[in-house]
Amino acid sequence: MRNDVFKALADPTRREILDRLKEKDLTAGEIADYFSISKPSISHHLTILKTAGLITQEKKGQFIYYSLNTTVLQDIYSWILKLKQ
């Protein structure tokens, strides 16, 4: 799992998506509005973030909203702190 997380965090676009989701839940279209890349590219980034467990999705009506999953980040943070000891 850590490999997926580090792969996901290595990309600046995916880090920016996480920063946006830190503020509030967003749809894929709302996320795409922040970037000058194609919607299929945004979808690809979202898939990588979901696979890594960094985001979750919830369908509300016609839309799928993406949310930041802080549990995985807390696990990685704890692991890094253990390395420091």
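Author: Leu21 lies in helix α2 (residues 12-23), where helices are DSSP runs of H or I with at least four residues, strands are runs of E with at least two, and both are numbered from the N terminus. This is a predicted model, in which local features need pLDDT of at least 70 and side-chain atom pairs count only at pLDDT 80 or more, while totals for chains, interfaces and linings use all residues. Residues are numbered from 1 along each chain as its sequence is written, and side-chain values use heavy atoms, with hydrogens and water left out.

Reader: Is Leu21 buried or exposed?

Author: Buried means under 20% relative accessible area, exposed over 50%, and partly exposed in between, with a 1.4 Å probe and protein chains only. Leu21, with a relative accessible area of 3%, is buried.

Reader: Which residues is Leu21 in contact with, leaving aside its neighbours within four places in sequence?

Author: Contact means heavy atoms within 4.5 Å, and on that basis Leu21 touches Leu26, Ile31, Ile55, Tyr66, Ser67 and Leu68.

Reader: How is a pair of aromatic rings described?

Author: Such a pair is described by the distance of the centres and the angle of the planes. Rings of Phe, Tyr and Trp (its six-membered ring) pair if their centres lie within 6.5 Å, and planes under 30 degrees apart count as stacked, over 60 as edge-to-face and the rest as tilted. The structure holds one aromatic pair: Phe6 and Trp79 are tilted, at 5.9 Å centre to centre with 55° between the planes. Phe6 is in helix α1 (residues 2-9) and Trp79 in helix α5 (residues 70-84), 73 residues apart.
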